[in-house]
Amino acid sequence: MTIDLNVMPKLGFGLMRLPQNDNGIDHEATCRMIDAYMKAGMNYFDTAYVYHGGKSEVAAREALVKRYPRDSFMIATKLPAWELKKAEDRDRIFNEQLDRAGVDYFDFYLLHSVENGNLETYERLDCFNWGIQKKAEGKIRHFGFSFHGSPELLVKVLDEHPETEFVQIQLNYADWDNPVVSSGRLHKILEQRKIPMIIMEPVKGGTLASLKPELEDKFRAISPDRSIASWALRFVGSLPGVMTILSGMSNEEQMNDNISTFTDFEPLSDAELKTVEEVTRIMLDINQIGCTACRYCVDGCPMKISIPDVFKAINTMTLYNEEFRPKAYYNGLINVGCGRASACIACGQCEGVCPQHLPIIQLLKDASAKLDA
């Protein structure tokens, strides 16, 4: 079954940063966001086995699947290599996902976070052929993978697995020339092969939604009524070969702004693109920790360190040259039971699952020197 690009919405709803309340995921707020998104004529939902500590697929069932006809939406989820020990785990997890999401099939199914270590697991357990079989059984409509490796590895995987229907990559203007993420090179490879792309982290975990005031002023001088986040989304949406752009929206304000951006979508003009390039040059002169707050590192941390939030505090200190508010934010984490950065025991669990390949152990040590002093 070929992917019909004409029915794919430009904006996809990523279910990894859903609104929260004291009981966990805020069901009522999630329902309102889904309703607004569906009312706007958009219908692609992206979840995963590990999002929200295993609760994201359940949230999709309660807020989406139970409330809308099955043929009115598309839902994607992912098989996590780090949960696979033996071949039987593939079906065990897949069947659990069907039950969690309350569906009989997934429209899109991905091998989660293909990179060197995870790829070894997927190959050892024959997960690509397993996915083809699930598609033949009607349990999967389209089969692909999300990718966090090098351009050279992407070429290797695509050469060895021509059955791949689509690839999900991290892409945003800040990472276009990033030597680790390599957004630009990955895009070129997939575009040359005419493989549809799903884009994740278009706003780089929210980093590109709020910039230093002098950088935001450059955008507002051209389009005073557009949000800062919309520039990042329009950059990605202006590229060829992009099928759907995922945004992990956490509140109704973000949802409404993104819907506005993609309703009667306007690609970047040449002048706007030059402004994005100028902002990128200035922004990348500031040395920040490239964390996107995916939170893959958090659940497995034996010391309960909220690593992305530690890095958020450090980046805020770096960007705005201040200490009081970042330290207050950090101490608030400690007060609700999170471990201090100094509590790191260097077990390496976090570095093994980090899609950005950050040297987290050293970064936590450096953060502790600033935050725990």
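## Terms and model

Buried means under 20% relative accessible area, exposed means over 50%, and partly exposed lies in between (1.4 Å probe, protein chains only). By that rule Phe-262 counts as buried, at 8% relative accessibility.

This is a predicted model, in which local features need pLDDT of at least 70 and side-chain atom pairs count only at pLDDT 80 or more, while totals for chains, interfaces and linings use all residues. Residues are numbered from 1 along each chain as its sequence is written, and side-chain values use heavy atoms, with hydrogens and water left out.

## The barrel

Eight strands form a closed barrel with parallel pairing. The order is S1-S4-S5-S6-S7-S8-S9-S10. Strands (E, at least two residues) and helices (H or I, at least four) are DSSP runs, numbered from the N terminus. Two strands pair if DSSP finds at least two bridges between them.

From one strand to the next, the twist averages 30°. Helix H5 (residues 127–136) packs on the sheet. Helix H5 touches strand S5 (74–80), strand S6 (106–114) and strand S7 (140–147). The direction of H5 makes about 155° with that of S7. Axes are lines fitted to C-alpha atoms, for helices over the stretch in contact, and angles run from 0 to 180 degrees between N-to-C directions.

## Strand S1

Strand S1 (residues 11–14) is covered on both faces. Leu-11 and Phe-13 are on one side, Gly-12 and Gly-14 on the other, and all are buried.

S1 runs parallel to S10, joined by three bridges. Leu-11 has Ile-245 as its bridge partner there. Two bridges join S1 to strand S4 (residues 44–46), also in parallel. Gly-14 stands opposite Asp-46 in S4.

In strand S9 (residues 197–200), Met-197 and Ile-199 point one way. Ile-198 and Met-200 point the other way, and all are buried. Four bridges join S9 to the parallel strand S8 (residues 167–170). Ile-169 stands opposite Ile-199. Between S8 and S9, the chain crosses through helix H7 (residues 183–192), and this β-α-β crossover is right-handed. Right-handed means that, with the strands pointing away from the viewer, the path from the first strand over the helix to the second runs clockwise. S9 is also joined to strand S10 (residues 242–247) by three bridges, in parallel. Ile-198 has Thr-244 as its bridge partner in S10.

Glu-201 lies in the loop between S9 and helix H8 (213–222). Its relative accessible area is 9%, so Glu-201 is buried. Leaving aside neighbours within four places in sequence, Glu-201 is in contact with Arg-17, Gln-170, Leu-171, Asn-172 and Thr-292. Contact means heavy atoms within 4.5 Å.

## Aromatic rings

The whole structure holds 18 aromatic pairs. Rings of Phe, Tyr and Trp (its six-membered ring) pair if their centres lie within 6.5 Å; planes under 30 degrees apart count as stacked, over 60 as edge-to-face and the rest as tilted. Phe-13 and Phe-45 have ring centres 5.8 Å apart and planes at 40°, so this pair is tilted. Phe-13 lies in S1 and Phe-45 in S4, so the pair ties together parts that are 32 residues apart in sequence. Phe-13 is buried, at 0% relative accessibility. Phe-45 is buried, at 0% as well.

Phe-262 and Phe-265 have ring centres 5.4 Å apart and planes at 10°, so they are stacked. Phe-265 is partly exposed, at 22%. Phe-94, Phe-106, Tyr-109 and Trp-130 form one aromatic cluster.
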